[in-house]
Amino acid sequence: MDTPVLIEIKNLKTHFFLDEGTVQAVNGVDFTIHQHKTLCVVGESGCGKSVTARSILQIVDQPGRIVEGEILYHRPDRLSGVGLSEDLPSPNGAGGSSSTEIIDLAALDPRGREIREIRGQDISMIFQEPMTSLSPIHTVGNQITEAIKLHTDMLDDEADEHAIELLRRVGIPRPAERLETYPFELSGGMRQRVMIAMALSCNPALLIADEPTTAVDVTTQAQILELLEELQDDFGMAIMLITHDLGVVAEMADDVVVMYLGQVAERGDVESIFHDPKHPYTQALLKSIPRLGVSRTMQRLDSIRGMVPDPYNRPTGCMFGPRCDHFMPGRCDAINPPAIQLGDGREVHCLLYEDE
Amino acid sequence: MSAQQTNGSQHSTSANGSAAADNVLLDVKNLQKWFPITAGFFRRTIGHVKAVDDISFQVLQGETVGLVGESGCGKTTAGRCILRAYDLTGGQVLFQDHDGKMVDLGPLNNNEMKPYRQQVRMIFQDPFNSLNPRMPVSDIVGDPLKINKVAAGKELEDRVAALLARVGLRPEYMRRYPHAFSGGERQRIGIARALALDPRLVVADEAVSALDVSVRAQILNLIKDLQEEFNLTYLFVSHDLSVIEYICDRVVVMYVGKIVEVAETEELFAQPFHPYTEALLSAVPNPDPRMRQQKSRIVLEGDVADPANPPSGCYFHPRCRYVQDQCSLETPELREIAPGHYAACHFAEELTLTGVTASGELG
């Protein structure tokens with residue numbers, strides 16, 4: 001049932017070295033992304049979900065850098081790709097090696113040639129704010145064809161045609177005219193579609209979507225999520241979706257990673273995360289969201305007490321300890337819980353499950 | 001909280017609503033706010049963005065009314081008109097004064113507005129931009145008291161300390177500046193500031209939208225608790241339907257500057273009468289992966305209409321799945337479909353729309 005592994009992250013640590021101290025934004029994260037599947041990374045702001053995604057592409061902002069760990073990219077044999085790939089010449093020019101190539105992205109030079117070849121071609125990313133991530137002074141067509149021309153040997157005309165096809169595919173009306181428009185002329189939803197078209201221009205194996213619907217309205221969000229699902233069927237890429245919205249997770253995910261303060265709290269398939277959450281943080285998070293249809297009968301929401309701790313003063317032991325209802329003095333504040341396997345690909349970082 | 005429930009059937013949201021009942025705190029009548037579009041060297045007005053176009057609704061004493069809609073629908077503008085942060089283009093904002101008389105806030109000048117600015121307060125969306133970074137918390141919360149000469153000196157300090165304690169902050173921290181606080185704490189400061197003058201009406205504009213999930217629940221609970229304690233009335237502006245459902249007694253749905261539906265929360269969510277409300281409800285992602293297959297999500301096509309150049313007839317007709325010829329010709333009036341339940345749709349009675357059942361399913 002499981003498709004082949006695409007990305008394997010092992011003990012990833014990305015730290016930011018600031019004057020005030022070191023922020024351990026990502027501190028020992030492990031998870032796997034499978035081909036053609038959707039992995040949702042969920043957590044509150046400051047939990048390191050975006051930094052993890054940026055680490056994969058080696059685009060962590062200064063003064064942050066990957067200090068430890070591996071990001072193994074199992075480069076798929078691209079000739080068997082689906083979707084628009086037949087229009088594209090064989091990527092990376094290697095001429096279709098038949099065996100999977102494994103590249104450790106964490107070891108690559110962030111400015112080097114290898115990672116630049118992967119960015120936008122093998123792995124691409126869409127961001128939260130489509131206004132600030134598109135260039136205001138270049139036309140839509142200009143921005144989409146840039147990536148195509150960089151990674152393939154298409155000529156200008158071919159690249160334009162490919163861009164029009166992509167815009168049509170992401171549901172932009174009159175795509176040929178849109179090539180000449182600037183981002184400010186488009187609505188938020190349309191801009192996000194342009195971002196998606198750009199990200200898919202080289203038929204990537206992995207699309208990282210960092211909060212793609214946070215800045216848009218619910219009805220637009222529904223459109224974008226629907227589009228991502230359709231495109232995944234067509235193009236066959238894996239999606240790593242970063243979000244704080246549990247509703248979006250429930251609608252989109254195959255697998256879920258719950259993060260808290262730079263560490264993985266729990267991971268597993270979407271069904272078990274929502275219906276049998278193990279980590280007290282996941283349990284509390286699920287209880288604290290108002291649910292349509294349910295909440296009108298509720299008097300109060302169960303909230304999680306306290307707040308996410310200051311990154312400079314991380315608690316000792318379990319990161320969630322100070323806010324946890326199952327806190328065990330002497331243990332939770334002393335031991336940083338290791339990964340405990342519960343079978344079926346489920347993994348929880350909590351001492352409550354130590355004996356199992 | 002209970003007063004308005006017994007009077008539920010008396011709600012009058014139409015413009016010709018009778019003289020206010022005793023418990024009507026805010027009566028918005030035909031409110032209009034148009035922003036001019038200017039062009040050319042002389043800044044000639046060439047058109048108007050009809051941000052709020054002829055809306056009427058009432059807010060009863062002690063109730064929470066939700067104003068919901070997508071961005072650009074005019075919900076924030078409506079809230080700001082009520083606070084008189086904007087001058088009105090037309091219509092009335094009737095507010096019940098302490099002595100029970102209804103006062104129209106619309107034509108008042110700054111001086112005349114002063115007493116009402118104490119009674120109508122606002123909680124802002126963005127806790128990072130709405131607090132002055134150069135003022136310590138004691139000034140942020142205390143200044144409204146000082147300016148209105150409510151308290152001074154030691155008494156002022158005590159009141160600020162009590163307010164901070166009430167919203168769940170440690171009074172010792174009142175000398176600190178906003179940067180020292182997290183998003184949730186800042187929002188608590190914003191709430192304390194809004195409550196400093198014992199307001200009667202609080203306009204909360206997307207008060208929890210910028211907060212994290214775990215903190216959002218705390219703030220929503222706090223807002224509910226404070227309502228009971230201080231007998232507050234809220235106008236809760238939000239785009240998040242699950243939050244609206246949790247906190248509001250009645251909901252006003254807006255689309256491109258107009259009200260499309262008004263009803264008690266339970267009714268609106270269970271049995272919407274306007275196709276836009278139905279689509280909004282169905283667009284909310286359900287936090288239960290098992291619902292994925294069962295759900296037939298209505299995905300609206302296109303974007304929200306441009307308020308500077310709205311479509312003819314019913315503004316929603318280009319995106320409506322039940323559209324008929326009449327819709328593009330005639331503008332539907334907001335009319336009472338069921339007791340206390342108003343909708344602006346020609347076919348409200350004929351359509352069978354899907355709401356959200358109590359179990360969270362769409363059914």
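Tutor: Two strands pair if DSSP finds at least two bridges between them. Strands (E, at least two residues) and helices (H or I, at least four residues) are DSSP runs, numbered from the N terminus. This is a predicted model: local features need pLDDT of at least 70, side-chain atom pairs count only at pLDDT 80 or more, and totals for chains, interfaces and linings use all residues. Residues are numbered from 1 along each chain as its sequence is written, chains are lettered from A and ligands numbered from 1 in the order written, and side-chain values use heavy atoms, without hydrogens or water.

Start with strand 1 (residues 24-39) of chain B. It runs antiparallel to strand 2 of chain B, joined by 13 bridges. Within strand 2 of chain B, Thr45(B) stands opposite Thr38(B). Now widen the view. The open sheet in chain B has four strands in the order 2-1-4-5, with antiparallel pairing. Strand 2 (44-60) and strand 5 (102-104) of chain B are its edges, each pairing on one side only. From one strand to the next, the twist averages 25°. Angles run from 0 to 180 degrees between N-to-C directions; axes are lines fitted to C-alpha atoms, for helices over the stretch in contact.

A helix covers part of this sheet. Helix 2 (residues 75-82) of chain B lies across strand 1, strand 2 and strand 4 (90-96) of chain B. Helix 2 of chain B runs at about 115° to strand 1 of chain B. Contact here means heavy atoms within 4.5 Å.

Next, the setting: chain B touches chain A. The contact takes 46 residues from chain B and 48 residues from chain A. Together the two chains bury about 4,200 Å², 52% of it on carbon and sulfur atoms. Buried area is the accessible area (1.4 Å probe) lost on putting two parts together, summed over both.

One salt bridge crosses this interface. Glu271(A) forms a salt bridge with Arg290(B), with the closest N and O atoms 2.4 Å apart. The rule asks for a side-chain nitrogen of Lys or Arg within 4 Å of a carboxyl oxygen of Asp or Glu.

On the chain A side, helix 8 (218-235), helix 9 (246-252), helix 10 (270-275) and helix 11 (280-288) each supply at least two residues. Helix 8 of chain A gives the most, with nine residues.
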